[in-house]
Amino acid sequence: MRTAKIGRREFLRLSAGTAVGALLAACAPPAAAPPAGGKEAAAPTAKPKEAAKEAIKISIMWRTNPTENPMLEDLIKAWDQKDTGIKVELIVVPWDEYEPKLMSMYAGGISPDIMGTGGTNPHAERAVRGMVLPLDPYLDTDSELKNDFYPVTIKAYTLGGKLIALPLCICWPGVFINATLFEQAGVDLPPTDWKGAGWTWEDMIETARKLTLDKNGDGKVDQYGLNPGHSSPWYYTRLWGEDLVSQDDYASGILHKWQTDDPNVYDALVAGLQARADAIYKDEVTPTPATAQSLSQMGPMLKTGAVAMEFTGAWAIWGNLPEQFKFSEAPNPLGGADGHGTRGNNLWIDPLQISSQTKHPEAAWKFSRWMVADTEAIKIEVPYRSVVPAVRSGFPIFMEGRGGRLVLSKDTEAKFIQEAIEVATSDVPCHILVGWAAIRDIFRSELEPVWLGQKTVKEAVDTMIPLVQEGIQKNLNQLGLT
Amino acid sequence: MARTKHKMGRQAKIEERFFYLFISPWLVGFFIFSIGPIIASLFFSFSTYDVITPPRWSGLANYRGLLKDDLFWQSLKVTTYYSIGSVILGIVVSLAIALLLNRNIWGVALFRTIFYLPSVISGVAVSLLWMWIFNPDFGILNYLLWELFHIRGPAWIMSQKWVVPSLIIMSLWSIGGGIVIYLARLQGIPTELYEAAEIDGAGPVSKLTHITIPMMTPVIFFNLIMGIIGSFQVFTQAYVMTSGGPHYASLFYVLYLYRNAFKYFRMGYASALAWVLFLILLALTALVFESSSRWVYYEGG
């Protein structure tokens with residue numbers, strides 16, 4: 001048998017060729033579909049206009065979500081039917097892998113053109129690191145769109161004078177209600193007025209007391225009046241009329257400190273958290289963390305039939321549809337002693353951000369604008385989610401699409417949601433403040449013993465504050481902002 | 001023995017070249033995707049780096065920061081606790097089960113399959129399953145404790161005291177691999193040893209302690225090394241089930257590292273954590289290797 005002879009030089013060439021070939025094959029983008037005929041393949045790009053039209057491809061990255069992903073697919077299908085010359089690719093990433101994946105893609109220079117709703121959504125963190133394009137140059141030339149946004153959405157994402165994201169939709173806060181349980185217990189539904197003086201924290205606890213029941217008489221509670229989904233110290237401080245974050249920090253988007261050296265802020269923080277702890281251990285209208293975890297493992301809280309009211313965001317509606325019970329909602333309670341605080345006055349605003357690495361900023365803007373404000377796009381989005389479009393022109397479409405799923409009349413519900421948006425002054429800190437990600441795990445962990453009944457609020461707060469301030473400082477050092 | 005240099009034949013040389021030719025894609029991948037990142041992480045550990053913006057050299061600042069970081073020490077404490085508990089319990093229980101499965105009884109193949117089966121299920125699914133088992137109100141564990149012994153079970157993963165013991169118990173779920181290795185070794189022990197011992201009047205305990213366990217020491221040694229390395233890298237359970245809580249009671253080392261890298265944008269600090277973990281594991285492995293001459297028995301001497 002003849003044996004092939006390979007010289008040293010040939011061997012080296014072959015080795016290098018194989019390795020590089022394999023590497024290129026692994027790293028190369030998918031090959032374009034081959035042209036139908038050899039002639040066309042050999043022909044030069046004779047029609048530059050058409051070639052350019054075909055060339056624009058952008059991508060949008062979204063979290064894995066059983067309702068949002070079909071929505072995105074429908075949106076892209078509708079977009080493809082238009083003659084825009086822009087093809088949109090959807091990248092879907094699991095919720096908790098979104099940010100690591102995005103960071104890795106960006107570091108590798110292959111960031112998606114549009115960053116959609118992801119995991120923790122640290123929009124400000126992305127902006128301060130230069131990952132996104134400022135969008136005010138686009139919006140400033142589009143007065144129709146600019147005037148259509150709810151002002152609070154633009155204010156929330158204007159950080160350091162620049163618009164860092166294009167608001168897409170709004171999730172409103174509130175107390176979400178299993179009205180069937182109210183009916184069975186003979187308890188009146190709470191008011192729906194965000195601007196009035198009624199429906200205080202005490203009122204909510206009193207209502208919850210009537211709805212906390214041992215139905216089978218075995219000495220154990222079978223039905224809880226209230227599950228407070230919120231546990232953030234930021235939320236309770238605002239309910240009690242103060243704010244951990246200064247107005248300057250909201251405006252710059254960079255957290256410099258908690259304002260707890262102001263005695264009013266400190267007192268509001270302690271009192272607000274104390275009210276939540278009391279709901280578990282003093283008023284006994286709220287499940288303990290262990291029971292709450294058990295209930296949450298069974299499904300959406302209100303759907304379990306073991307909770308009558310959930311103090312959280314409008315995703316409570318989304319999670320409970322299709323409802324098998326009568327469903328209603330009430331405003332956030334007015335916090336503070338005798339209702340001298342606020343109703344929290346926040347929203348959750350999901351925006352789109354355009355990557356600073358995009359090669360097609362115009363195309364990314366066009367698709368984002370369409371998704372945010374076009375009637376056709378909003379009509380596709382509304383049935384999938386209980387979120388209000390960020391543009392005012394989308395609200396009638398939203399209300400039409402909801403079809404009276406609550407026991408409230410459609411007019412009452414429309415007024416309720418509009419008021420929630422009107423009274424809101426901010427988005428939540430994790431979206432709009434650089435540095436919040438670095439301290440969230442600290443305050444969550446420090447408050448756990450309070451929710452477990454192992455520490456007093458004051459003890460936990462006094463330990464928590466220095467740790468939080470240190471965490472903020474570390475973050476500023478990291479960013480070179482000290 | 002004097003080292004002799006063999007002159008390779010032409011055929012052998014050709015084969016050697018083909019070997020390198022065919023393995024070269026793997027080698028390139030290994031150097032680019034494994035060695036490269038390892039070296040890069042060493043550099044990052046001496047820098048301030050958030051993945052997005054270029055790293056800035058900061059010398060030993062990250063390592064000095066670790067020494068002053070309470071959460072670093074807490075994560076090390078929690079991980080060491082878990083490692084000691086899960087490795088010892090894993091070795092004892094898997095060896096005991098392997099001994100039982102080594103009996104020549106009816107249906108033993110079925111039992112072997114049953115004991116191995118749990119280890120093929122992925123980490124997240126197992127974590128979700130155990131969240132239900134540990135559920136203080138509706139979990140089967142507390143139900144059985146109450147029904148069988150009238151003991152009111154603890155809050156398991158919701159309790160600062162019980163969360164690590166809970167996860168140690170849960171680690172037994174994946175001992176199937178260890179059982180198979182022990183079983184293979186058990187079946188390789190020469191029967192003459194047992195026959196000789198019986199002639200000398202040895203009982204079952206004596207045979208276990210003087211024949212079986214000494215003969216098993218190379219495998220125990222292997223499982224000990226792998227167990228230490230694996231247990232220090234525990235992540236999924238804490239990530240899915242406890243988020244490091246309650247109150248940092250299950251803040252495992254790798255979870256803390258992950259948070260720094262991908263949640264707090266501190267990749268430089270996370271790289272320093274990774275290198276410290278590497279050095280700890282290297283030291284522990286060296287220690288176990290060093291001790292092995294005193295307790296591991298190799299038939300060949």
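Reply: A disulfide here is a pair of cysteine sulfur atoms within 2.5 Å. By that cut-off, the predicted model holds 0 disulfides over all chains.

Take Cys171(A). This residue is in no disulfide. The nearest cysteine sulfur belongs to Cys169(A) and lies 7.6 Å away. Cys171(A) counts as buried because its relative accessibility is 8%, and buried means under 20%.

Now Cys430(A). The closest cysteine sulfur to its own is in Cys171(A), at 12 Å, which is too far for a bond. Cys430(A) has 19% relative accessibility, so Cys430(A) also counts as buried. The cut-off is under 20%.

Next, the sheet. In chain A, 4 strands form an open sheet. Their order is β8-β9-β7-β10, and the pairing is mixed. The edges are β8 (224-228) and β10 (327-330) of chain A. Each edge strand has a single partner strand, so one side of each is left without a neighbour in the sheet. On average, neighbouring strands of this sheet are turned by 25 degrees against each other, direction ignored.

Strand β7 of chain A covers residues 173-178. β7 pairs with β10(A) in the antiparallel sense, over 4 bridges. Ile177(A) stands opposite Ser328(A), which is in β10(A).

To recap: the model has 0 disulfides. Cys171(A) is buried, and Cys430(A) is buried. The sheet is open, with mixed pairing.

How values were computed: Residues are numbered from 1 along each chain as its sequence is written. Chains are lettered from A and ligands numbered from 1 in the order in which they are written. This is a predicted model: local features need pLDDT of at least 70, side-chain atom pairs count only at pLDDT 80 or more; totals for chains, interfaces and linings use all residues. Side-chain values use heavy atoms; hydrogens and water are left out. Buried means under 20% relative accessible area, exposed over 50%, partly exposed in between (1.4 Å probe, protein chains only). Two strands pair if DSSP finds at least two bridges between them. Helices (H or I, at least four residues) and strands (E, at least two) are DSSP runs, numbered from the N terminus. Axes are lines fitted to C-alpha atoms, for helices over the stretch in contact, and angles run from 0 to 180 degrees between N-to-C directions.
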